[in-house]
Amino acid sequence: MQEPGQDVNLNLQSVKEHSYDAIVIGSGISGGWAVKELCEKGLKTLLLERGRNVEHIRDYPTAMKDPWDFEYRLQNTEKDRVENPVQSLAYDESCKHFFVSDKEHPYVQVSPFHWIRGYQVGGRSLTWGRQCYRWSDLDFEANLKEGIGVDWPIRYKDIAPWYDHVERFIGVSGQAEGLPHLPDGPFLAAMEMNAAEKHFKSEVQKKFPERLITIGRAANLSESVNGRGPCQYRNLCKRGCPFGAYFSSNASTLPAAMATGNLTLRPFSIVMEILYDKEKKKATGVRIIDAVSNETYEFYAKIIFLNASTIASTFILLNSRTDSFPEGLGNSSGQVGHNLMDHHFRVGAEGIHKGFKDKYYVGRRPNGIYIPRFRNISKETTQQDYVRGFAYQGGAIRHGWSETGKTPGYGESFKQQLLTPGPWNMWISAWGETLPDYNNKVTLDTGKKDKWGLPLVAIDFRFGDNEKKMRQDMKASAIEMLEKSGFQDIKGFDYSTVGGDCIHEMGTMRMGNDPKTSVLNKWNQMHDVNNVFITDGSCMTSSACQSPSLTYMALTARACDHAVNELKKGNL
Amino acid sequence: MDRKKAIRNIVLLGGGSVLAFAGFRGYKLFRLPALEKLTGYQSTIDELSEMIIPETDVPGARSAGIGIFVSKMIRDCTDRKSQNNFLYGLQDLTAYSQKHFSKHFQHCSAEEKKKIMDHFEKKETSLNGFTGKVERKLLGESFFSLLKKYTVLGYCTSQQGATLGLSYDRIPGKYTETQLAPGQKAWATQ
């Protein structure tokens, strides 16, 4: 590998033109936060994004469309299923343009794994689920207590102020509940529950005092924040919101970074590798390939934030091989690429309630109810056959045409039934913690190349016994709660999922105290290369059962603060 | 439970073995569907959709142009086995009306059409439940269920169906509980 500064013909002017204080790789949820924080702290920052630009509002072509504007009424075609077998699991006709093409972006499934991606400015922050839950010391201490993986190098007190910082900017609607293991934040007004949900909440709390039902905590603005929102209750978030009423990089962090005058955004920039100077023991910049022209360029900076998303960031490190790091940049521990996690989910139950016939609702709430973890949180709730726990998301609606249309018959009476609100249906579905396992890994398949000549990512992932045992409880507890609150026709479900389906990939560059067993320190700084910070999902030491994005954002803001302080002190 | 297990074992043996003894039926399912025939059946499909969602005080499937949508969905959004089932269903329906009423389906009286429709609906509702699910997986979706599914989808997402049949609130601006009004229509979108 050519190392910058060693080439005698190096054009010094070009180096200067290509130099910044900071480079951020990736513009999704965590990368967006990195550029906002770094730019606001005065750093000239280059943001590299491998996909096209997506400008807030202007590039949301489907946002204001009605159902009849879609040729296939939001159903995928056979062509979608054949040509995009993985991405089409996650997209529909209204948001397909925010997902990659499987054909153009192949990867190797050593075991089945669905790698669902959005290569564009804003990344998957455009299509994310928007649920925001803080972690607590129940999560940060678990690995240490149980001797699983490595200990988190931080505790709740380290991240709490950064949760505040992030939540105030992005806006999270929710209800403060005072639970120690699901800490509250500065919430916007909680969204409403409907009649069946309120009934479910009060019945469950009567029969299961340790189980709380609260409204989902979502980055959907029930009130306007920083000129964005409020939510119009259309529930079309994944198309991009023209009201800016949910958090995405495009609507929030990128405009804030741009407003400082310190941001340079370069779309179509595929980072091939991070450049390393073995004398200084620092990263000096990155080499990219322009996705359109296929030309390579180098950019230089004092610090680098790697936020390409868990698997893509792993690729970049593994592909940054030098004499100093033959197994990939900062991989002296041998942990880079290992301990891949994703939540396991799609297990729970649903049922019908015969009551509340006189009740209905107006609006489409982009949010549901939440049942925080209630297993293994105390001595009394300790389970014999598995560790950690799960939380439910759910909600009630009155059956609409997609269900009433399945009733037998045809003709006038069928039509009448089709057009009338059906019975109340309540569903709850669990999201469960997945334990870190060294065998679940991301590697490079150097024998196979993509259209830019880069080796393919190979993914080998299986859920373990703990997850399998937990799933039985996830289903049984859901059925039990619905049964005891007066629901009928209860159907438990356990749809088998493969890794990646939850789109919560984590863990391949974990944080830890010991450089021998972890990749990042407590500041998300590489143990081996102290001017590289990694704050996407890859930094996660365990997965908890909460949706992880809020924690990525808080860790990013915290790491940026540390990086800028260190830079000022001359330590980087 | 043993029955379920037995069926599951059949599934584990794979579609191939079931279809092997199905013989000709297997060939019929996997052959390249003669989609060009859909055009010739278009007025029959229009008629069938209208029978599922007829015109009342609010528009029916025909006014909403649903027949064409059903054909489009069969063409572009349906797997090969189900496409074949749909085409054979139309063929069977034509043959059935010839055999029982000695005329083309289109020329049958309303009462005769209803008899034909009842026959096809009955034939297929026997496939509900777990065995039905297994069958669907192996043999594709059935004629009547495809017809009904796409008619319902097309109608409820059409401008006529969503705004006149159902209730469509483009930008609600709020989410709140309400009392059900007399004659309340269901929401077109959730």
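Me: Before we get to loops, what counts as a helix or a strand here?
Reply: Happy to start there, and note that this is a predicted model. Helices and strands are DSSP runs, numbered from the N terminus. A helix needs at least four residues, and a strand needs at least two.

Me: Lys281(A) has a positive phi although it is not a glycine; is Lys281(A) buried or exposed?
Reply: The phi of Lys281(A) is about 55°. Lys281(A) is found in the loop between strand S6 (269-277) and strand S7 (282-290) of chain A. Exposed means over 50% relative accessible area. Lys281(A) has 54%, so this residue is exposed.

Me: And Ser102(B), is that residue buried or exposed?
Reply: Ser102(B) also deserves a look, with a positive phi near 55° in a residue other than glycine. Ser102(B) lies in the loop between helix H7 (80-101) and helix H8 (110-125) of chain B. Its relative accessibility is 59%, so Ser102(B) counts as exposed.

Me: How many helices and strands does chain B have?
Reply: From the N terminus on, the elements of chain B run α-α-α-α-α-α-α-α-α-α-α-β. Counting them up gives eleven helices and one strand.

Me: What percentage of the residues in chain B is buried?
Reply: The accessible surface of chain B comes to about 9,600 Å², with 56% of this belonging to carbon and sulfur atoms. Chain B has 190 residues, and the buried ones make up 47%.

Me: Which residues of chain A lose the most area to chain B?
Reply: Chain A and chain B bury about 4,900 Å² between them, with 58% of that on carbon and sulfur atoms. On the side of chain A, three residues together account for 18% of what that side buries. They are Tyr360(A), Trp401(A) and Tyr410(A).

Me: How do the residues of the side of chain A that touches chain B divide into nonpolar, polar and charged?
Reply: The contact takes 50 residues from chain A and 54 residues from chain B. Across this interface there are 39 residue pairs in polar contact, both residues being at pLDDT 80 or more. The side of chain A divides into 20 nonpolar, 14 polar and 16 charged residues.

Me: How far apart are the closest N and O atoms of Lys72(B) and Glu71(A)?
Reply: The interface of chain A and chain B has three salt bridges. One of them is formed by Lys72(B) with Glu71(A), and the closest N and O atoms are 3.7 Å apart.

Me: How many residues apart in sequence are the parts that Glu104(A) and Lys451(A) tie together?
Reply: Glu104(A) forms a salt bridge with Lys451(A), with the closest N and O atoms 3.0 Å apart. Glu104(A) lies in the loop between H3 and strand S3 (108-109), and Lys451(A) in the loop between strand S14 (441-449) and strand S15 (455-460), so the pair ties together parts of chain A whose separation in sequence is 347 residues.

Me: What is the relative accessible area of Glu197(A)?
Reply: Arg365(A) forms a salt bridge with Glu197(A), the closest N and O atoms being 2.7 Å apart. Arg365(A) counts as buried at 10% relative accessibility. Glu197(A) is buried too, with a relative accessible area of 1%.

Technical notes. Residues are numbered from 1 along each chain as its sequence is written. Chains are lettered from A and ligands numbered from 1 in the order in which they are written. This is a predicted model: local features need pLDDT of at least 70, side-chain atom pairs count only at pLDDT 80 or more; totals for chains, interfaces and linings use all residues. Side-chain values use heavy atoms; hydrogens and water are left out. Buried means under 20% relative accessible area, exposed over 50%, partly exposed in between (1.4 Å probe, protein chains only). Accessible areas come from the Shrake-Rupley method with a 1.4 Å probe; for residues, only the protein chains shown count as cover. Contact means heavy atoms within 4.5 Å. Buried area is the accessible area (1.4 Å probe) that two parts lose on being put together, summed over both. A salt bridge is a side-chain nitrogen of Lys or Arg within 4 Å of a carboxyl oxygen of Asp or Glu. A polar contact is a pair of N or O atoms within 3.5 Å; within protein, one must be able to donate a hydrogen and the other to accept it, and residues adjacent in sequence count only if both atoms are side-chain atoms. Ala, Val, Leu, Ile, Met, Phe, Trp, Tyr, Cys and Pro count as nonpolar, Asp, Glu, Lys and Arg as charged, and the others, Gly among them, as polar.
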